[in-house]
Structure formats: C-alpha cells, structure tokens
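This report examines the nonpolar packing and the salt bridges of the model shown below.

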Amino acid sequence: MIVKFAPSFIRAYKKLPLALRQEVKERIALFESDHDHSFLKTHKLKGPLEGRMSFSVNYRYRIVFVFTSPEEAVFLAVGDHDVYK
C-alpha cells in the first residue's frame, strides 16, 4: 500500500506529542502492510465525511483517509474524534 499525506495531515501530525507521533508511525506501518488488519478497526465514515474512511491509532485518536486507487491511500487528518467534524 502506498500512503501519501495531505498538508492538513502533516500539520496535525506535527502538533501531536512525541510519544503519540511514534504510535501513529507504528499504525501507519501496519496500515501499509495490511490496511484491513483487525487491530486498526478500519471503517467507512457516514454523514458529512461519507466517502472517506478511518482507522484507530489508539482508543482516542484516529486517522481519516481516502483510497485514491486500490494500491494508494491519502491520509487527510489525524486527531481525536474532533477530526470527524
């Protein structure tokens, strides 16, 4: 899986605490090897974010992304449940 990062994702990522950034890197690596791994809890979003997907970094934080092809995803946002707004 090829992962690209939107500028909004990069800005949000840089604001995260160092320990959380490391956790995000680990989840991205897992996503790249198996985007449907049960540990990630990947799911489609509804409502205003319909057409996008999300997966869990931990209990509180999520990554919102969109598939641009079967082999490529663009990460749009990272954060707590406020990323859904």
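## Contacts of Phe-31

Apart from its neighbours within four places in sequence, Phe-31 is in contact (heavy atoms within 4.5 Å) with Met-1, Val-3, Leu-40, Phe-55, Phe-65, Phe-67, Ala-73 and Phe-75. This is a predicted model, in which local features need pLDDT of at least 70 and side-chain atom pairs count only at pLDDT 80 or more, while totals for chains, interfaces and linings use all residues. Residues are numbered from 1 along each chain as its sequence is written, and side-chain values use heavy atoms, with hydrogens and water left out.

## Nonpolar cores

A nonpolar core is taken here as a set of buried Ala, Val, Leu, Ile, Met, Phe, Trp, Tyr and Cys residues joined through side-chain atoms within 4.5 Å. Buried denotes under 20% relative accessible area, exposed over 50%, and partly exposed the range in between (1.4 Å probe, protein chains only). The largest nonpolar core has 18 residues, of which Phe-9, Val-24, Phe-31, Ile-63 and Phe-75 touch the most other members.

Two or more residues of this core come from each of helix 1 (7-14), helix 2 (18-33), strand 3 (53-56), strand 4 (62-69) and strand 5 (72-79). Helices (H or I, at least four residues) and strands (E, at least two) are DSSP runs, numbered from the N terminus. The greatest contribution is that of helix 2, with four residues. Another core lies apart from this one; it has five residues, including Leu-49, Val-64, Ala-77 and Val-83.

## Salt bridges within one network

The whole structure contains four salt bridges, each defined by a side-chain nitrogen of Lys or Arg within 4 Å of a carboxyl oxygen of Asp or Glu. Arg-27 pairs with Glu-23 at 3.7 Å, N to O; both residues belong to helix 2 and are four residues apart, about one turn of the helix. Arg-27 counts as buried because its relative accessibility is 13%, whereas Glu-23, at 23%, counts as partly exposed.

Arg-27 also forms a salt bridge with Glu-26, with 3.7 Å between the closest N and O atoms. Glu-26 is partly exposed, at 42% relative accessibility.

## A bridge between separate segments

In the salt bridge of Arg-60 with Asp-80, the closest N and O atoms are 3.3 Å apart. Arg-60 is in the loop between strand 3 and strand 4, and Asp-80 is in the segment after strand 5, so the pair ties together parts 20 residues apart in sequence. Arg-60 has 48% relative accessibility and therefore counts as partly exposed. Through shared partners, salt bridges join Glu-23, Glu-26 and Arg-27 into one network.
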